[in-house]
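Hi,

Here is the structure I promised to pass on. Have a look at it first, then read my notes below.

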Amino acid sequence: MTETEQTETGFKQVHVALVVLFSILTLGVYLAYWFLSRRHAIREYEGSGYIPFKWWAVFLVLLSLSFLYKFIGPIFLTPYGVALFDSIDMIFSYYFLGILYYSVFRLKTIIEDAYEEKLFASWLLVLFHVWYIQYKLNRLGDVDINEKALAPQMAK
């Protein structure tokens, strides 16, 4: 399963271990990319502005700058500058968590409304956010593919 493989659901299928690995290695930058790269598939389901993609674009930039700061910031800044940037980074981190959980639960609602059944456990969304959604989307894609593969055999 590659990142470019798409299913009938319209979402890319990505191995969950890769999503976890990319999220950790990029210190959260991949989470913003994940939402932005699936923007078209999400809009096909919802039709309205449920998920704030403009804010995800802003956070992609802010997270990227924060990622760079973590590695090169203390080299160029005085202790006062490091303390200032650390406090700003902390504030943006809380806003990031807010938009992450808002978007994850909006996406949960969008997908469950489209399939007209409860697919997600809320407590797993709180713990595993995008990772859990990607896992469920992969499973939904596998079901759609398997149903299409079995349909000609069932007709016989």
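A residue is called buried when its relative accessible area is under 20%, exposed when that area is over 50%, and partly exposed in between (1.4 Å probe, protein chains only). Helices are DSSP runs of H or I with at least four residues, numbered from the N terminus. Keep in mind that this is a predicted model, where local features need pLDDT of at least 70 and side-chain atom pairs count only at pLDDT 80 or more, while totals for chains, interfaces and linings use all residues. Residues are numbered from 1 along each chain as its sequence is written, and side-chain values use heavy atoms, with hydrogens and water left out.

Let's start with helix α2 (residues 29-37): seven of its nine residues are buried, so the rest of the structure largely encloses this helix. Among the buried ones are Tyr-30, Trp-34 and Phe-35.

Next, the salt bridges (a side-chain nitrogen of Lys or Arg within 4 Å of a carboxyl oxygen of Asp or Glu). There are two of them in the structure.

One joins the side chains of Lys-70 and Asp-89, at 3.2 Å from N to O. Lys-70 sits in helix α4 (residues 53-76) and Asp-89 in helix α5 (residues 79-115), so this pair ties together parts 19 residues apart in sequence. Lys-70 is partly exposed at 42% relative accessibility, whereas Asp-89 is buried at 14%.

The other links Glu-112 to Lys-108, with 3.3 Å between the closest N and O atoms. Both lie in helix α5, four residues apart, or about one turn of the helix. Glu-112 is buried at 12% relative accessibility, and Lys-108 is buried with a relative accessible area of 12%.

Cheers

Methods
Helices (H or I, at least four residues) and strands (E, at least two) are DSSP runs, numbered from the N terminus.
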